[in-house]
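Hi everyone, thanks for coming.

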Amino acid sequence: MYVLGEVSPAEAKQVEQYAQQYPAIAEELRATQEALLVFNEISSIVPSEEVKKHILSKIPTGIFPKPMINGSGNVSNKKDRNGQPPNNFL
């Protein structure tokens, strides 16, 4: 919470005192702040529409048959003798 600035002034002061007293705490705070900066940089990158289309074009479609809904509203995953779904799938 400290590295996000989500603590009270009194809590911040206490963390800073601990960081001065214990080098491992100071190092952990530094590493966490650095990681948050890197995450912020990476997460702010928005791919172009062209990149998005290219990636989506590589995802296979139609590899999972849609389940057939029988008359009672229940899902049926029946297959024919060849292991294929019947032709009346949705």
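So, here we have three helices and two strands; these are DSSP runs, H or I of at least four residues for helices and E of at least two for strands, numbered from the N terminus. Going along the sequence, the order is α-α-α-β-β.

A word on what you are looking at: this is a predicted model, where local features need pLDDT of at least 70 and side-chain atom pairs count only at pLDDT 80 or more, while totals for chains, interfaces and linings use all residues. Residues are numbered from 1 along each chain as its sequence is written, and side-chain values use heavy atoms, with hydrogens and water left out.

How confident is the predictor? pLDDT is its confidence in each residue, from 0 to 100. The protein has a mean of 81, with 71% of its residues at 70 or more. Helix α1 (residues 9-21) has the highest confidence, a mean of 94, and strand β2 (residues 75-76) the lowest, at 56.

Now the surface. The accessible area of the protein is about 8100 Å², and carbon and sulfur atoms hold 57% of that; areas come from the Shrake-Rupley method with a 1.4 Å probe, and for residues only the protein chains shown count as cover. Of the 90 residues, 7% are buried, meaning under 20% relative accessible area, with exposed being over 50% and partly exposed in between (1.4 Å probe, protein chains only).

Let's look at Tyr2, in the segment before α1. Tyr2 is partly exposed, at 23% relative accessible area. Beyond its neighbours within four places in sequence, its contacts (heavy atoms within 4.5 Å) are Val7, Ala12, Val15, Glu16, Leu29 and Gln33. Take Val15: Tyr2 is 13 residues from it in sequence, and their C-alpha atoms are 7.5 Å apart.

Which rings pair up? The whole structure has one aromatic pair: Tyr18 and Tyr22, with ring centres 6.4 Å apart and planes at 40 degrees, so the pair is tilted. For Phe, Tyr and Trp (its six-membered ring), centres must lie within 6.5 Å; planes under 30 degrees apart are stacked, over 60 edge-to-face, and the rest tilted. Tyr18 is partly exposed at 40% relative accessibility, and Tyr22 is partly exposed with a relative accessible area of 40%.

Last stop: Leu36, which sits in helix α2 (residues 23-43) and is partly exposed at 34% relative accessible area. Thanks, and I'm happy to chat!

Terms used: pLDDT is the predictor's confidence in each residue, from 0 to 100.
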